[in-house]
Every structure is written in C-alpha cells, then in structure tokens.
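Please prepare a briefing on the model shown below, grouped by topic and with each term given its cut-offs.

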Amino acid sequence: MKKTVEAGLNVPSARGKSRSRIRKLALIGAGKLGEGLLSALLESQMLPLDCVEATVAQAEQARADYLAGRYGIKAHTNNRQAVKGASLVLIALKPYQVEGFLREVRNVLSKDALLVSVAASVTTAMIERELGHAARVVRAMPNTPCLIRQGMTALARGKHATHADAEIAQNIFAAMGRTVVVDEKHMNAITALSGSGPAYVYMIIESLAAAGVKLGLPQGLSTELASQTLLGASALVLHTGEHPAKLKDVVTTPAGCTIDGLLALEEGGLRITLIKAVMQAAARARQLVENDNS
Ligand SMILES: NC(=O)c1ccc[n+]([C@@H]2O[C@H](COP(=O)([O-])OP(=O)(O)OC[C@H]3O[C@@H](n4cnc5c(N)ncnc54)[C@H](OP(=O)(O)O)[C@@H]3O)[C@@H](O)[C@H]2O)c1
C-alpha cells in the first residue's frame, strides 16, 4: 500500500488522540540501505525535502556533501542535531552502532518521536531500554532488492508502538516493495530468510548460469535465463498463491527432462542444504548484536 501525501506522512501524536504531520524525519546512518530508503522516500513524494535530515559517520563529511547535493536534503555528521525536533527517526546504522547512537541522542530526542530501526538483531526492547522512556519503536527487516523497489520488508511493533505507527512504517517501506507486519518473535527467522535470502538466490543464479556455460551457452545469456527464470517463477508463486510443489508438478512431465533434473537436486540435498542455511543464519542473527562489530 503506497500513500502519497502532499505535505508529508501523517504521524499520530504520542497520546494517539490527534494526528499531526511529520515535523522532521531524521535518517541516521545513510549508508547503502539508508540511501536506498532516502531515494525511495523522496521519489515517492511522501515527504517534502525540507523535512528530511540525514547523518553519516563523523569521518564521512564528503559523503554528507554528496547526499545533500544529490537529494537536496540537509545531510551532516551530527546525530544530536538531526534528531532534535524529529517526529520520525529512521535508524539505518550497523547493529553494533545502535547502542552508542541511542546513548548519544537520548536526552535530545523528543519523547513522542517514532523510531524505526532496520538494524538486524537489535530488538525493540533494547531500544526502549536504552532510551529509558516508553518510546514508540518499530523494527524493520528489509532486503537489498528494496534498492530497486522490489524489496521484502517485515515490520514488528515494540511494546509502545501503535497500529498507526506500524502503518506509518509500512507506508515508508511500501515505497521500496512488499511489506508485512509480524510479531517480533519471528524477526530472527525473517532476517535469515528474506534478509539474507538474496545472497542464497545469487548463488543459485550463479550455479544455474554456470550450468548453461558448461552446456555451451554464453555467460551473459545464461545469467539472463537463470535470473529471469527465478524472477518469473517467484512471481508465479505470489500471483497464483499456489503451493510451490503444485507449480513444480506443472513443469514436470512424466518421463520428461525436468524430473531428471529434480532427481539430481534431491541427490545433491538441495532442500536440506537451503533449510540448514536459513537455520544457521537465524542462529547467527540471535547472537549478532552481542558479538558483531563488522
Ligand atoms: N544491506 C542490507 O541488505 C540490509 C538488509 C536488512 C537490514 N539491514 C540493516 O541495515 C543496517 C545498515 O546496513 P547497510 O548495509 O546500509 O550498512 P552501511 O552501508 O554500513 O550503513 C551504515 C552507515 O552508517 C554510517 N555510520 C556509522 N556510524 C555512524 C554514526 N555514529 N552516526 C551516523 N552514521 C554512522 C556508516 O558510516 P561508515 O561506513 O563510515 O561506518 C554507514 O554509512 C544494518 O543494521 C543492517 O543490519 C541491511
């Protein structure tokens, strides 16, 4: 669901009684994902340029200048200045950077600001605890296809975030693709499945393309065939709502070629390998915030 609002997204007040427009959106950590978010938001015209302020790391003034020049927004390296007066704070920092940021800004952050964090593994409870007040927090897990508006973003509400807050977050990420609202207990699984998922899919594309090359197809053609096949097959699942097994059966003619290919995949353990990949990534997601400083 994409909403276009002339003078900005509507944000409910802290008491939830009246609705007020976004005074200011602070985007903290405008790196790869943050810039993608910024670009999608501005392109969707959900927000006027003059209510958006973005920050980057202290040593990245040149990047701030680039963002300001490219998008026509205020961009700098001062997080406290950015969150001051912001009614919506989008946190796009690396997980291990979030705690320091919250400590840095908690005494200038407005108590009624809505915080939306994309940091993998950082829980809404951790953000609420660090801020020390009943902050409205929504946790988001997007993926890299968001950068071309084909993303999948799962959103979970913290203890004090309202349905309207989740809706605001959904409107933001809907500018970058599909969205779902889930219970936060599912976020590690989602991080491992749709967050990390593009990497698994690229490996599958790479392998299918290599097979094409082995059979004499040019590399570029092989990659195009493999990529569009994954795109089309995925679109068919979403479009029809059918179980993938049923769609697989449609392709598989008795005694045809596909069944031989499927047998080779079974022999190679494709299913169990993918299941284990997601399980291991989910286990890592659970420990990421304690250990990761990469
Ligand atoms: N990329 C994805 O596919 C994806 C998917 C889902 C969720 N996420 C989450 O999105 C978050 C950002 O990922 P990313 O790939 O966009 O990382 P990224 O490119 O490293 O973006 C983070 C940005 O924040 C900057 N930064 C560091 N410290 C800062 C500070 N104190 N104040 C302001 N800015 C600061 C970084 O600058 P420096 O580079 O100079 O440190 C960098 O530009 C991560 O938490 C990740 O878990 C990413």
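**Briefing on the predicted model**

Ala255 is located in the loop that runs between α10 (244-251) and α11 (258-267), where helices (H or I, at least four residues) and strands (E, at least two) are DSSP runs numbered from the N terminus. The model is a predicted one, in which local features need pLDDT of at least 70 and side-chain atom pairs count only at pLDDT 80 or more, while totals for chains, interfaces and linings use all residues. Residues are numbered from 1 along each chain as its sequence is written.

**Overall architecture**

- The chain contains twelve helices and ten strands, and its C-alpha trace spans about 70 × 40 × 35 Å along the principal axes.
- Of its 294 residues, 37% count as buried; a residue is buried if 20 or more other C-beta atoms lie within 10 Å of its own, exposed if 12 or fewer, and partly exposed in between, with C-beta atoms placed from the backbone.
- Among contacts in the chain with a separation of 6 or more, 65% are between residues 24 or more positions apart, two residues being in contact if their C-beta atoms, placed from the backbone, lie within 7 Å.

**Ligand surroundings**

- The ligand is surrounded by 25 residues, of which the closest are Gly29, Gly31, Leu33, Ala119 and Ala120; a residue is near a molecule or strand if its C-beta atom, placed from the backbone, lies within 6 Å of it.
- Two or more residues of this shell are given by each of the elements α1 (32-43) and α4 (95-105).
- By class, the shell around the ligand has 13 nonpolar, nine polar and three charged residues, where Ala, Val, Leu, Ile, Met, Phe, Trp, Tyr, Cys and Pro count as nonpolar, Asp, Glu, Lys and Arg as charged, and the others, Gly among them, as polar.

**Packing of α8 and α9**

- The axes of helix α8 (residues 197-214) and helix α9 (residues 219-240) come within 8 Å and cross at roughly 135°; axes are lines fitted to C-alpha atoms, for helices over the stretch in contact, and angles run from 0 to 180 degrees between N-to-C directions.
- That angle makes α8 oblique to α9, given that angles under 35 degrees count as roughly parallel, over 145 as roughly antiparallel, 65 to 115 as roughly perpendicular and the rest as oblique.
- The crossing of α8 past α9 is right-handed; a crossing is left-handed if the near helix is turned anticlockwise from the far one by less than a right angle, and right-handed if clockwise.
- On the α8 side the contact is made by Val201, Ile204, Ile205, Leu208, Ala209, Gly212 and Val213, and on the α9 side by Gln219, Ser222, Thr223, Leu225, Ala226, Ser227 and Leu230.
- This contact of α8 with α9 has nine nonpolar, five polar and no charged residues.
- An α-helix has 3.6 residues a turn, so residues three or four places apart point the same way.

- The contact of α4 with α5 has three nonpolar, no polar and three charged residues.
- In helix α5 (residues 124-131), the buried residues are Thr124, Met126, Ile127 and Glu128, and their cover includes α4, β7 (114-117), β8 (136-141) and β9 (151-157).
- Helix α7 (residues 187-195) is largely enclosed by the rest of the structure, because eight of its nine residues are buried: Met187, Asn188, Ile190, Thr191, Ala192, Leu193, Ser194 and Gly195.

**Loops and backbone angles**

- Ala255 has a positive phi near 60° although this residue is other than glycine, and Ala255 counts as exposed, with 6 C-beta neighbours inside 10 Å.
- Gln45, also not a glycine, has a positive phi of about 60°; Gln45 belongs to the loop between α1 and β4 (52-55) and is partly exposed, with 13 other C-beta atoms within 10 Å.
- Gly132, which follows α5, has a positive phi near 75°.
- His133 is in the loop between α5 and β8 and counts as exposed, with 10 C-beta neighbours inside 10 Å.
- The C-alpha atoms of His133 and Asp112 are separated by 9.8 Å, although these residues are 21 residues apart along the chain.
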